[in-house]
Amino acid sequence: MLRLKRLATSALITATIVTGTSLATATTASAASYHCKTSSASVDNPAYSGPYSDNYNFDVKLCAKRSGGYIYAYAKVDFEGPVWYVNQDILDAARFHLQVKKSVSGTDPVVKSANYTGLEYKLEHGNTAGNGSYTTGTIKYKAGSGRYLADGVIQLDWDEDGKGYRSTNFSGSPTV
């Protein structure tokens, strides 16, 4: 009976040690969390010159992380729009153009990009106050040496203005 107690105690000590190792691993894994930066912009509807407010106010959080030899990037867009835009077709098209860039001296080259068109629906169907949010999918890029960052622009094609996409830039994420 005493031998079984020792085995049980030994198993408990082993489980505690393994659990402690798991916690250390979890802490190491959390070191690979996203690095984000939020910036803001207000965008005016150039096709409307009436008396009502017509601006979209955007807060865009661009995030990047390095994990397992890859760079992962996504964007979260929060917006406040005019109440009278809710359930209206005020855009011919809208998208978030997400990019992974390699950080170099001079202009950072784009190494991967994707367009997320779900933004148009969200902008035209915000809540009853005209507000809402949209999160892009995540893009993945096989990283080489060096530092990388997430960058992106909102591209709006306003209804009936005939000008196509107009881009609004935001600040890129910290480098990873």
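**Close-up views of a predicted model**

Three salt bridges are counted, a salt bridge being a side-chain nitrogen of Lys or Arg within 4 Å of a carboxyl oxygen of Asp or Glu. This is a predicted model, in which local features need pLDDT of at least 70, side-chain atom pairs count only at pLDDT 80 or more, and totals for chains, interfaces and linings use all residues. Residues are numbered from 1 along each chain as its sequence is written, and side-chain values use heavy atoms, with hydrogens and water left out.

View 1. Strand 8 spans residues 147-158. Strands (E, at least two residues) are DSSP runs, numbered from the N terminus. Two strands pair if DSSP finds at least two bridges between them. Strand 4 (residues 91-103) pairs with strand 8 in the antiparallel sense, over 12 bridges. Here His97 faces Val153 of strand 8. Strand 9 (residues 166-169) also pairs with strand 8 in the antiparallel sense, over four bridges. Gln155 stands opposite Ser167 in strand 9.

**View 2. The salt bridge between Asp151 and Lys101.** Their side chains meet at 2.8 Å, N to O. Asp151 belongs to strand 8 and Lys101 to strand 4, so the pair ties together parts that are 50 residues apart in sequence. Both Asp151 and Lys101 are buried.

**View 3. The salt bridge between Lys76 and Asp78.** The closest N and O atoms are 2.8 Å apart. Lys76 is partly exposed, at 27% relative accessible area. Asp78 is partly exposed too, at 31%.

**View 4. The salt bridge between Arg166 and Asp161.** The N to O distance is 3.2 Å. Arg166 is partly exposed, at 32% relative accessibility. Asp161 is buried, at 15%.

**View 5. The largest pocket.** Its volume is about 180 Å³. A pocket is an open set of points on a 1 Å grid over the protein atoms alone, where a 1.4 Å probe fits, with protein on both sides within 12 Å along at least five of seven lines; lining residues have an atom within 4 Å of a point. The lining consists of Asn45, Ala47, Tyr48, Trp84, Gln88, Asp89, Ile90, Asp159 and Glu160. Four of these residues are nonpolar, two polar and three charged.

Technical notes
Buried < 20%, exposed > 50% of the residue type's maximum accessible area, 1.4 Å probe, protein only. Points joined across faces, edges and corners; volume = space filled by probe spheres on them. Nonpolar A, V, L, I, M, F, W, Y, C, P; charged D, E, K, R; others polar.
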